Amino acid sequence: MVFFLDYIQHKRDCKFKQDERAERLRALTQYRGPFTALDREIVDKPIEELVQDVHKGVLEPSQLLHTYGKVAVKAHEKTNCLTEVMISAAEGWVKDGSINLKGPLAGIPISLKDTINVGGFDSTVGYSSYVGNKPAEDGGAVKLLKDAGAVPYVKTNMPITLLSFESTNDVWGRCTNPHNSKYSPGGSTGGEAALLALGGRIGIGSDVAGSVRAPAHFSGIYSLRCSTGRWPKAGFATSMPGQEGVPSVYSPMTRTLNDLTYFTRAVVGMQPWKYDHTVHPIPWRAEIENEYATKKKLRVGVMRTDGVVDPAPACVRALEKTEAALKAAGHEIVEIDPPSPYEALRIGALLLNADGCQMFKSFMRTGEWNDPGAHQMDWLMRVPRPFKYLYYLWVKYVRKDDVWAGLVKDWHAKTAFEQWKLVAQREAYRAKFFEWWNSVDVDFLLTPPNATPAVPHDGMKEAVSSCGYTFLFNIVDYTCGILPVTHVDKDLDKLPATFNIKKLNGVAQGAYKLYDAEAMHGLPVTVQIVGRRLEEEKVLAIMKRVEDALGDDKYRLLDID
């Protein structure tokens with residue numbers, strides 16, 4: 001009876017939130033209709049110029065909110081990207097002095113991942129048990145944003161558990177890719193990426209294994225994965241409180257590269273360490289940004305594979321196109337062989353799930369839908385260890401798959417002693433990677449951000465372990481940027497006739513089961529730019545150099561219609 005009542009309450013809470021969202025959207029009658037010439041001008045103008053217009057009185061913040069409110073309504077109709085709709089409240093904040101309209105983000109509407117606490121609005125994280133958890137006041141990060149002049153106006157969709165490159169849950173439903181509704185927009189910050197691809201401007205997501213980078217790759221936007229302690233994260237809800245084996249970071253996401261740089265510079269310039277005790281007191285270092293904006297010849301370390309899942313043809317083409325553009329611009333290409341990315345994947349996966357998947361499940365109600373990838377991790381965690389060991393032996397010695405066997409072998413809840421040993425391994429790996437980078441002396445790494453473009457819905461059941469290209473840099477805590485380059489081409493990106501999926505390891509098989517250039521035609525493909533720890537200024541400057549090198553052949557954004 002208790003389980004039945006729990007299930008009934010789950011259904012009621014989901015319906016309540018969906019009805020509440022629908023009613024808020026219905027009330028926005030003035031935010032419907034075609035885009036005007038002014039709307040298009042606002043969407044196309046860099047936010048730095050929009051801020052100047054607000055400061056000068058040329059534009060009213062209400063005009064910006066009206067434009068981006070229309071963008072959000074249209075984007076939601078197409079992709080189901082929104083959770084909390086705060087536009088009506090934002091109208092009041094703009095008028096009542098809650099927003100500092102003299103700040104560096106004056107009047108700019110900002111979208112936020114659903115997990116970020118805004119006073120008076122829920123942060124459900126996709127769990128029905130979190131419905132009604134609205135805080136009385138803004139979290140530290142939102143206080144900073146309002147003091148900078150930004151206007152929070154919507155929150156965006158994500159997967160239950162936050163451990164997925166998809167964005168689906170019972171509370172808010174499934175978010176779809178803005179380029180192809182049969183595919184995921186990415187996760188866990190997928191709703192944010194979908195909105196930004198369709199005309200949204202600036203947003204914030206979190207990243208523990210690639211959750212601002214995979215959505216940027218899947219949906220065709222720009223993002224920066226900051227190192228821990230550089231971007232504020234005060235005031236948020238999560239599926240895994242206390243998980244510090246692989247620390248989560250909050251980071252910026254935008255529609256354009258120019259906006260990404262300006263937004264990051266503005267937030268760091270607000271001295272976020274005064275809002276969040278976890279932020280290092282490191283001001284914006286313009287001299288570093290300028291050094292890499294002007295350095296004549298860059299040494300580019302190209303990481304062609306993580307040794308676990310070779311990138312699919314579309315991702316190889318994007319990488320080689322970028323490499324060729326950099327070479328033509330006079331930069332030096334360096335072939336690299338970093339410390340085993342597989343070792344980082346194994347350590348990170350065990351640390352991230354050291355609790356045996358108990359924490360993210362503790363918030364779930366009876367009958368609540370779980371992400372297929374998170375379910376796979378949990379299911380394997382619950383297999384009795386004697387049977388799991390037999391499975392490990394079969395995988396290693398019969399299938400001769402050392403990669404999958406190595407992940408399966410120790411996939412069980414850890415004691416404190418075992419976790420301490422894993423943390424020691426993580427630190428040893430970080431030291432090894434640090435020394436390796438010193439020895440190769442490159443300015444940055446150029447890598448694929450994922451082995452494949454976007455996954456189809458429920459594809460994480462197969463591809464849950466295929467996250468090595470992003471996860472590696474969470475383990476070493478390096479700064480990374482995502483830069484859109486091209487789109488999947490059904491003719492150029494086919495698998496070769498000699499391709500044999502049975503020859504791949506278990507992780508790679510899961511990824512390649514989903515790769516279909518014909519079905520994926522038109523999906524975005526990006527590259528990842530990697531600096532070292534706390535090198536946000538450098539990475540952003542290099543991203544600009546890379547995009548400039550691509551010239552007229554750079555990525556074309558989705559039209560706002």
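**Close-up views of a predicted model**

A search of the whole structure finds 17 aromatic pairs, where rings of Phe, Tyr and Trp (its six-membered ring) pair if their centres lie within 6.5 Å, with planes under 30 degrees apart counted as stacked, over 60 as edge-to-face and the rest as tilted. This is a predicted model, in which local features need pLDDT of at least 70 and side-chain atom pairs count only at pLDDT 80 or more, while totals for chains, interfaces and linings use all residues. Residues are numbered from 1 along each chain as its sequence is written, and side-chain values use heavy atoms, leaving out hydrogens and water.

**View 1. Y130 pairs with Y127 and with F363****.** The rings of Y127 and Y130 have centres 5.3 Å apart and planes at 45°, so this pair is tilted. Y127 is buried at 0% relative accessible area, and Y130 is buried as well at 13% (buried means under 20% relative accessible area, exposed over 50%, partly exposed in between, with a 1.4 Å probe and protein chains only). Y130 lies in the loop between β2 (109–113) and α6 (140–148), and F363 in the loop between α13 (358–362) and α14 (372–382), so the pair ties together parts that are 233 residues apart in sequence. Helices (H or I, at least four residues) and strands (E, at least two) are DSSP runs, numbered from the N terminus. F363, at 19% relative accessibility, counts as buried.

**View 2. Ring pairs link a cluster of aromatic residues****.** Its members are Y429, F433, W436, W437, F473 and Y478.

**View 3. Lysine charges sit over the rings of W93 and Y397****.** The charged end of K146 is 3.8 Å from the centre of the W93 ring, and that of K396 is 5.7 Å from the centre of the Y397 ring. A charge sits over a ring if NZ of Lys or CZ of Arg is within 6 Å of the ring centre and within 35 degrees of the ring normal.

**View 4. C357 and its closest cysteine sulfur, in C467****.** The two sulfurs are 13 Å apart, too far for a bond, since a disulfide is a pair of cysteine sulfur atoms within 2.5 Å. By this rule the count comes to zero disulfides. For C480, the nearest cysteine sulfur is that of C226, 10 Å away. Both C357 and C480 are buried, with 0% relative accessibility for C357 and a relative accessible area of 0% for C480.

**View 5. A428 in helix α17****.** This helix spans residues 416–440. A428 is partly exposed, at 45% relative accessibility.
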